[in-house]
Amino acid sequence: MEEEVPGFYGESGKSVQATLSSLKMLDVGKWPIFSLCSEEELQLIRQACVFGSAGNEVLYTTVNDEIFVLGTNCSGCLGVGDIQSTIEPRRLDSLTGKKIASLSYGSGPHIVLATTDGEVFTWGHNAYSQLGNGTTNHGLVPCHISTNLSNKQVIEVACGSYHSLVLTSDGEVFAWGYNNSGQVGSGSTANQPIPRRVTGCLQNKVVMNIACGQMCSMAVVDTGEVYVWGYNGNGQLGLGSSGNQPTPCRVAALQGIRVQRVACGYAHTLVLTDEGQIYAWGANSYGQLGTGNKSNQSYPTPVVVEKDRIIEIAACHSAHTSAAKTQGGHVYMWGQCRGQSVILPHHTHFCCTDDVFACFATPAVTWRLLSVEPDDHLTVAESLKREFDNPDTADLKFLVDGKYIYAHKVLLKIRCEHFRSSLEDSEDDIVEMSEFSYPVFRAFLEYLYTDNISLSPEEAVGLRRVLLQVLHQPSDCSNTNVRLCRNGPRSSKELYQQSQQSWSL
């Protein structure tokens, strides 16, 4: 496997913490495999992951916290104890009582699942030890993986074609499985049968986000740097070369750029910066880099989507498709889209990036663990949280550092005495703020909607100025818990990372 193989599709979605999506916004029925489920069954789904070489397998959880599987069951990937295919949903009894925090899958396929308790379970294809249980026997039922992880809280998982990564609550990365190109990061090319901590340049780093391409691995650390290792034949490591990398190496070309998230396609890479910009590199035979041509890039290259801030990037290592969502709610796609090569970001009618992969990716899989929550199940607090920075319902825009933050006058007046007086007789729908930086003022507004503030340590000092100059009543927020988080509000990490500390304002 030394060149990109356009006709081959592994199956692995980059896993992230699931985000709430309304049934009105996210219709799981768009994935063909769900046509086997009744309408009543679809209404009970709360989480779902579609995988397989043809998108013919699915795992989903219900409102009753039960886990069901359905499909062709290649290599026992459904985890029900046999290799029989099923067109009727079968309950995965061995995981009864477990709640899924993160899930990813590989090309065999194999499954890696992390629970909300931080445990790891694996099953399915295992010819390259990608299950991490020390054998090469396929796993027909979920196996608890505890070797070198027994005292660790796993919060995120990611799979390549035949290797696996997990991220722990203290920012450590462990890897195992196929290692022909150094994708396990051990410094050799010997397969890794059990979890091994990825060290080298990551030894004293706190990792915030992980992702896998077909045979490469990526990690974003808390300083915004990106570290890469593994196969690099198409330049997917972004190092300016095509040589494989057996240990983590920093992407030097991103010096001075603070990356928040990374997403990997089959042989290409996307990153999202803290300024809402996208950079891409790697294979480009289908235009999946969005650069307007089909030339591979071995260095990070900016992707021009639109002037609005990008808030989400999407790629899946089973496909050569890319997608992004803007702050204004617009969804773009590019790359291989149902057989067509789209070489520039194309504005779609979709409401979420998940729909791009349901309708245009080949195969029709999910790029992340879907989480579905009907509107009528949301609490008042959850509803308010969802409306923060929502351009569809906002009646006020703050212009900060050339970027808009969307808000609601009535909520601001209810939550803050300063806004109650300043907005009382105002008919303006745009307010320019030049005194504060975008991240700081956005974090302050977010607090008004959520009672939580997500802010980097260096920016937290600026929040005091907002409280002093805007509120004029710092004592009102003296007990505010400012969580130091560099990738936005991610409750699982906030609970476990060292950034859980509080700042006294």
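Modeller: Phe 419 and Phe 444 are both buried (buried is under 20% relative accessible area, exposed is over 50%, and partly exposed is in between, with a 1.4 Å probe and protein chains only). Keep in mind that this is a predicted model: local features need pLDDT of at least 70, side-chain atom pairs count only at pLDDT 80 or more, and totals for chains, interfaces and linings use all residues. Residues are numbered from 1 along each chain as its sequence is written, and side-chain values use heavy atoms, with hydrogens and water left out.

Rings of Phe, Tyr and Trp (its six-membered ring) pair if their centres lie within 6.5 Å; planes under 30 degrees apart are stacked, over 60 edge-to-face, and the rest tilted.

Overall, you'll find 14 aromatic pairs here. One of them is Tyr 128 with Tyr 162, a tilted pair with 4.9 Å from centre to centre and 50° between the planes. Tyr 128 sits in the loop between strands E8 (120-124) and E9 (139-144), and Tyr 162 in the loop between E10 (154-159) and E11 (163-168), so this pair ties together parts 34 residues apart in sequence. (Helices, H or I of at least four residues, and strands, E of at least two, are DSSP runs numbered from the N terminus.) Tyr 128 is partly exposed, at 28% relative accessibility, while Tyr 162 is buried, at 13%.

Now back to Phe 419 and Phe 444: their ring centres are 6.3 Å apart and their planes at 35°, so this pair is tilted. Phe 419 lies in helix H5 (residues 417-422) and Phe 444 in helix H6 (residues 438-450), so the pair ties together parts 25 residues apart in sequence.

Rings can also have a charge over them, which takes NZ of Lys or CZ of Arg within 6 Å of the ring centre and within 35 degrees of the ring normal. Arg 415 has its charged end over the ring of Tyr 447, 5.7 Å from the centre. Lys 397 does this with Tyr 404, lying over its face at 4.3 Å from the ring centre.

Six of the six residues in E10 are buried.
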